[in-house]
Amino acid sequence: MASLALATAADVAYWTGRPVGTIWRWASEGRIKVYGKGRNARYDLMEIDPAKRDKETQKVITPTPPPKIKKREASAHAA
């Protein structure tokens, strides 16, 4: 089983060089998986590429491109 590296939306925003709102949108669009809800929501850094950053200043050179939208699993209640 693959290991998880769960992080907050703020941590993932830094990791990707994107705003927190983008992380929330990616999760709602099914681009990244969310673990938990509300303030307890976490995201797996292992499934998201990091932004390219300057080695000295750590400023973002290229933010992470949006992940592809994943197919959602069919709901047990779907007709």
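Two strands pair if DSSP finds at least two bridges between them, and strands here are DSSP runs of E at least two residues long, while helices are H or I runs of at least four, both numbered from the N terminus. With that in hand, select strand 1 and strand 3 (residues 42-44): they pair in the antiparallel sense over two bridges. Pick A7 next and look across to strand 3, where Y43 is its bridge partner.

Before going further, some housekeeping. This is a predicted model, in which local features need pLDDT of at least 70 and side-chain atom pairs count only at pLDDT 80 or more, whereas totals for chains, interfaces and linings use all residues. Residues are numbered from 1 along each chain as its sequence is written, and side-chain values use heavy atoms, with hydrogens and water left out.

**Zoom out**

Colour by secondary structure. The protein chain has two helices and five strands, arranged along the sequence as β-α-α-β-β-β-β.

**Along strand 2**

Select V34, which is found in strand 2. Leaving aside neighbours within four places in sequence, V34 is in contact (heavy atoms within 4.5 Å) with A27, A41, R42 and Y43. Draw a distance from the C-alpha of V34 to that of L6: the two are 28 residues apart along the chain and separated by 9.3 Å.

Hop over to A41. Not counting residues up to four places away in sequence, A41 touches A7, T8, V34, Y35 and G36.

**Into the core**

Show side chains for A7, A9, V12, A13, I23, W26, A27, I32, A41, Y43, L45 and I48: these 12 residues make up the largest nonpolar core, meaning a set of buried Ala, Val, Leu, Ile, Met, Phe, Trp, Tyr and Cys residues joined through side-chain atoms within 4.5 Å. Helix 1 (9-16) and helix 2 (20-29) are the elements that give two or more residues to this core. As background, nonpolar side chains tend to be buried together in soluble globular proteins.

**Two loop stops**

Go to G30, in the loop between helix 2 and strand 2. G30 counts as buried because its relative accessible area is 16%. Its C-alpha lies 7.6 Å from that of K71, although G30 and K71 are 41 residues apart in sequence.

Then jump to Q58, in the loop between strand 4 (52-53) and strand 5 (60-62). What is its phi? Near 65°, a positive value in a residue other than glycine. Most residues other than glycine have a negative phi. With a relative accessible area of 38%, Q58 is partly exposed.

**A charge over a ring**

Select R53 and Y14 together. R53 lies over the face of Y14, at 3.8 Å from the ring centre; the criterion is NZ of Lys or CZ of Arg within 6 Å of the ring centre and within 35 degrees of the ring normal.

**Last view**

Finish with a surface on the protein chain. Of its 79 residues, 27% are buried. Among contacts between residues at least 6 apart in sequence, 56% join residues at least 24 apart.

Methods. Buried < 20%, exposed > 50% of the residue type's maximum accessible area, 1.4 Å probe, protein only.
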